[in-house]
Protein chains: 2
Amino acid sequence: MRISEVGRQAGVPVATVKYYLREGLVPPGRATSPNQAQYDDTHVERVRLVRALTEVGGLGLATVSRVLAVIDRPEKSRLDVLATAQCALLGTEPADVEEAQAEPPATRARDWAQRRGWRVHPRDPVLDTLDSAWAACDTAGIGLDETRMDAYADAAERIAEVDVASVPAEPEAAARQVVLGTVLVDPVLTALRRLAQQHVAVSHSVAEDA
Amino acid sequence: MRISEVGRQAGVPVATVKYYLREGLVPPGRATSPNQAQYDDTHVERVRLVRALTEVGGLGLATVSRVLAVIDRPEKSRLDVLATAQCALLGTEPADVEEAQAEPPATRARDWAQRRGWRVHPRDPVLDTLDSAWAACDTAGIGLDETRMDAYADAAERIAEVDVASVPAEPEAAARQVVLGTVLVDPVLTALRRLAQQHVAVSHSVAEDA
């Protein structure tokens, strides 16, 4: 098909398709003459994916590019896809093996995760994010002690079980599910927490009045 | 103490303290001369709080201002505090009683919440947020059906049980816990979800290899 047809089927302007091509986010078509090329359904699919990552996922083009690199050179296991996709989202490279052997810095989040028996990479930058978020709770006097953190972690494990069960075996679909599922389900979970707070508070209040 | 000492103890530049004072986010000190004022620990505490809400909570100053209004004029019941705090975060006013009697618009999130038996206000704007977030997942082909939504909601209820149990009886402390706990624990939960995904994925992968 022609480039205009790719745009039509993907529901984006032709100028956007050309821009994605120039940026290397969509692979080139098969040249049929010096200034024309043929495209197929894989191009339409890729344009839709880039659009979803930027528009709905709110990712910048540099991050989209890293995410697509995961999809295009898929790792062997579902776990590698997960780790690489998370790093692509965070803008960090996965720690290499040498570095992984070295002693990681001891922090509250690392100590806690280790005591909990969580199989996470000790240099994972998400642990640093958790450290900062935990410290902010302390500063604000939220009273987020390890017991409460463990209770939240129990719930996070249930969420993660659902997440991981939703990841298909096929690498491209897996990368898509991991990246988009991670980014797009966060707002769903935030809304659910607010609603559940009301439900629980009202239920307790009714029980108290009875 | 002098304003410079407030900045030092709160760990922020003096210019930031002055900015918070100008914006009315921190109450004025006790004037000791036409161009000097004395501050105390409550000012240090408030500066830390504003900082936490903006830096970690990611709130804009207008929202911070509404949140502080909830803390400074706490409502009577724990449930009122919860509702008012959530509205302050969302920038909406609580629905009044008249409006609450009218039939709310039927949406996917409302229907789902009702079937689930959640005691939430049918006009709660969080339901609209949930609708949008759910629609975005559909657009991206995440496959978030009602079964998966219910599984996430089970986890959200566990989180909410912990949240509500952490709310103290005293109104000012309750408002503080609800607002800050809601805003500041979100990033903790997001980080926990990422880590739990890894833990679950690694555990499954090890189980598969065995």
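What follows is a working chat about a predicted model with chains A and B.

Trainee: How are chain A and chain B related in this one?

Mentor: Keep in mind that the model is predicted. A rotation of 175° with 0.6 Å of shift along its axis puts chain A onto chain B, with an RMSD of 1.8 Å. The two copies are thus related as by a two-fold rotation axis.

Trainee: Which residue of chain A comes closest to the rotation axis?

Mentor: Ala155(A), whose C-alpha is 2.7 Å from the axis.

Trainee: And why do the copies meet through the same surface?

Mentor: Because 99% of the interface residues of chain A are also interface residues in chain B. Chain A brings 67 residues to the contact and chain B brings 68 residues.

Trainee: What area is buried between chain A and chain B?

Mentor: About 6700 Å², and carbon and sulfur atoms give 70% of that. On the side of chain A, the residues that lose the most area to chain B are Arg119(A), Arg193(A) and Leu195(A), together 10% of what that side buries.

Trainee: How many salt bridges and polar contacts go across?

Mentor: There are eight salt bridges between chain A and chain B. For polar contact, 22 residue pairs are found across the interface, with both residues at pLDDT 80 or more.

Trainee: Which elements of chain A give two or more residues to the side that touches chain B?

Mentor: Helix 3 (41-56), helix 5 (78-90), helix 8 (125-139), helix 9 (146-165) and helix 10 (171-209) of chain A. Helix 10 of chain A has the largest share, 27 residues. By residue type, the side of chain A that touches chain B divides into 41 nonpolar, 14 polar and twelve charged.

Trainee: Give me a salt bridge between the chains. What does Asp163(A) pair with?

Mentor: Asp163(A) forms a salt bridge with Arg193(B), and the closest N and O atoms are 2.8 Å apart. The pair crosses from helix 9 of chain A to helix 10 (residues 171-209) of chain B.

Trainee: Is Asp163(A) buried or exposed? And Arg193(B), buried or exposed?

Mentor: Asp163(A) has a relative accessible area of 7%, so it counts as buried. Arg193(B) is buried as well, at 2%.

Trainee: What about Asp186(A), which residue does that one bridge to?

Mentor: Arg194(B), with the closest N and O atoms 2.8 Å apart.

Trainee: Now the whole model. How many salt bridges over all chains?

Mentor: The count comes to 24 salt bridges over all chains. One within chain A joins the side chains of Asp128(A) and Arg110(A), at 3.3 Å from N to O. That pair links distant parts of the chain, with Asp128(A) in helix 8 and Arg110(A) in helix 7 (residues 108-116), 18 residues apart.

Trainee: How accessible are Asp128(A) and Arg110(A)?

Mentor: Asp128(A) has 37% relative accessibility, so it counts as partly exposed. Arg110(A) has 7%, so it counts as buried.

Trainee: Where do Arg116(A) and Asp150(A) sit?

Mentor: Their side chains meet in a salt bridge, 2.7 Å from N to O. Arg116(A) is in helix 7 of chain A and Asp150(A) in helix 9 of chain A, 34 residues apart. Arg116(A) is partly exposed at 22% relative accessible area, and Asp150(A) is partly exposed at 27%.

Trainee: Which residues are linked with Arg116(A) and Asp150(A) in a network of salt bridges?

Mentor: Asp154(A), Glu157(A) and Arg158(B) are linked with them in that network.

Trainee: Change of topic. Where does Val6(A) lie, and what is Val6(A) in contact with?

Mentor: Val6(A) lies in helix 1 (residues 3-10) of chain A. Its relative accessibility is 1%, so it counts as buried. Leaving aside neighbours within four places in sequence, Val6(A) is in contact with Met1(A), Val17(A), Tyr39(A), His43(A), Val44(A) and Val47(A).

Trainee: And Val26(B), in which loop does that lie?

Mentor: Val26(B) is in the loop between helix 2 (14-22) and strand 1 (30-33) of chain B. At 2% relative accessible area, Val26(B) is buried. Beyond four places in sequence, Val26(B) is in contact with Tyr20(B), Leu21(B), His43(B), Arg46(B) and Val47(B).

Trainee: How far apart are Val26(B) and Val179(B) in space?

Mentor: They are 17 Å apart, C-alpha to C-alpha, and 153 residues apart in sequence.

Conventions:
Residues are numbered from 1 along each chain as its sequence is written. Chains are lettered from A and ligands numbered from 1 in the order in which they are written. Side-chain values use heavy atoms; hydrogens and water are left out. Copies are superposed by least squares on the C-alpha atoms of residues with pLDDT of at least 70 in both. Contact means heavy atoms within 4.5 Å. Buried area is the accessible area (1.4 Å probe) that two parts lose on being put together, summed over both. A salt bridge is a side-chain nitrogen of Lys or Arg within 4 Å of a carboxyl oxygen of Asp or Glu. A polar contact is a pair of N or O atoms within 3.5 Å; within protein, one must be able to donate a hydrogen and the other to accept it, and residues adjacent in sequence count only if both atoms are side-chain atoms. Helices (H or I, at least four residues) and strands (E, at least two) are DSSP runs, numbered from the N terminus. Ala, Val, Leu, Ile, Met, Phe, Trp, Tyr, Cys and Pro count as nonpolar, Asp, Glu, Lys and Arg as charged, and the others, Gly among them, as polar. Buried means under 20% relative accessible area, exposed over 50%, partly exposed in between (1.4 Å probe, protein chains only).
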